[in-house]
Structure formats: structure tokens, C-alpha cells
Amino acid sequence: MRVDYLMPEFLAPMASPKLLPEPVSDPAQLMSQRILHHTTRPESWKIWFNDLGAILPEEGSSLRYSQYELIIEAMVAGHGIGLMPLILLQREIAEGKLVQAHSHVACPRSAYYLLTPLHKVGISKIESFRSWFLQRVKELSSYQ
């Protein structure tokens, strides 16, 4: 397997400016809002609080979603605060639909990689896609 490191993951709590017009200074205040979780990433909030040097407080109301797209729609609609990889929110941030709910951005050990089976290395269409994809990631990474 050929492994290309693409980029680290940057996580930040995000919300609609209608729900949270200003970022909170005390991260524990976030837990008083409805918290939106991704079902396959149940430890994300704990990781974010640990990265901040804080302990995850007891949360109030929460909703769980199986897709980031659903969390994004719920955040834009003002239904809660989600902890999201920033790379997925460029359009919503640029359009002013989402804002950071707290200034801290965590960079956990998780990251994104492009994996190519060794028997596919050197195939023209695979290499062409790989080159295009790595260039696109480089462009998007400059956003971070």
C-alpha cells in the first residue's frame, strides 16, 4: 500500500450566528446548548476539551447524526453546536452561515491519508487522479 499523508484534522465547535452571535470564552458554556454529535466519532468533544486542557463537563441536550452533512444542516438551521472538521465547512464559513463557537481549534492525532494499493501504483488513470487530488488538497490546506 502506498500511503500519502494529506493533512491533519482541525476540529472546532461551530454554530449558526443566529444561535451564538459571539464566541463564548468559557468552553463549559458550550454544553448549555444542544450538542450535535457524529455517531462514529463519540469521543470528539472529549478530545477537544482535553486538547484545551479542560475536562468535558456534563452536557445537556444532544442529538446524534450519522453524517456530517446532516450536522451541518442542523447547525445552519440553529439547532445546536457541532464539533466539526473545518475542512468540511469552508463554504458555510465564507457565506457567514456558521461561526466558531469558541476560539480553540484542536488538532487531534487523527489525519487524512490517500491510500493506493501497490498493484495499482503506476496505472495512468490512478496516478492522474492521485496528482489532481493531492494538488487540490494542497490548495484546500492553505485555508487552515
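1. **Ground rules.** This is a predicted model, in which local features need pLDDT of at least 70 and side-chain atom pairs count only at pLDDT 80 or more, while totals for chains, interfaces and linings use all residues. Residues are numbered from 1 along each chain as its sequence is written, and side-chain values use heavy atoms, with hydrogens and water left out.

2. **Layout.** The protein chain has 4 helices and 7 strands. Both come from DSSP runs, numbered from the N terminus: helices are H or I with at least four residues, strands are E with at least two. Read from the N terminus, the order is β-β-β-α-β-α-β-α-β-β-α. The C-alpha trace spans about 55 × 30 × 25 Å along its principal axes.

3. **Surface and burial.** Of the 144 residues in the protein chain, 36% are buried. Buried means under 20% relative accessible area, exposed means over 50%, and partly exposed lies in between (1.4 Å probe, protein chains only). The chain exposes about 8400 Å², and carbon and sulfur atoms supply 55% of that area. Accessible areas come from the Shrake-Rupley method with a 1.4 Å probe; for residues, only the protein chains shown count as cover.

4. **Contacts along the chain.** Contact means heavy atoms within 4.5 Å. Take the contacts between residues at least 6 apart in sequence: 78% of them join residues at least 24 apart.

5. **The cavity.** The structure holds 1 cavity of 30 Å³ or more. A cavity is a set of points, on a 1 Å grid over the protein atoms alone, where a 1.4 Å probe fits but cannot get out; lining residues have an atom within 4 Å of a point. The largest cavity has a volume of about 60 Å³. Grid points are joined across faces, edges and corners, and the volume is the space filled by probe spheres set on the points.

6. **Its lining.** Leu-36, His-37, His-38, Arg-41, Ser-44, Trp-45, Tyr-68, Ile-71 and Leu-83 line the largest cavity. Strand 3 (35–38), helix 1 (44–52) and helix 2 (68–76) each give two or more residues to this lining. Strand 3 supplies the largest share, 3 residues. By class, the lining has 5 nonpolar, 3 polar and 1 charged residues. Here Ala, Val, Leu, Ile, Met, Phe, Trp, Tyr, Cys and Pro count as nonpolar, Asp, Glu, Lys and Arg as charged, and the others, Gly among them, as polar.

7. **Aromatic pairs.** The whole structure has 6 aromatic pairs. Rings of Phe, Tyr and Trp (its six-membered ring) pair if their centres lie within 6.5 Å; planes under 30 degrees apart are stacked, over 60 edge-to-face, and the rest tilted. Trp-45 and Phe-49 make a tilted pair, 6.5 Å centre to centre with 40 degrees between the planes. They are separated by about one helical turn, because they sit 4 residues apart in helix 1. Trp-48 and Phe-49 pair edge-to-face, at 5.0 Å centre to centre and 85 degrees.

8. **The cluster.** Trp-45, Trp-48 and Phe-49 form one aromatic cluster. Trp-45 is buried, as is Phe-49. The relative accessible area of Phe-49 is 1%. Trp-48 has 0%, so Trp-48 counts as buried.

9. **Ser-62.** Ser-62 lies in strand 4 (residues 62–65). Its relative accessible area is 28%, so Ser-62 is partly exposed. Which residues does Ser-62 contact, leaving aside its neighbours within four places in sequence? They are Arg-34, Ile-35 and His-37. Gln-33 is 29 residues from Ser-62 in sequence, and their C-alpha atoms are 8.4 Å apart.

How values were computed. 1 Å grid on protein atoms, 1.4 Å probe; cavity = no way out; pocket = protein on both sides within 12 Å on 5 of 7 lines; lining within 4 Å.
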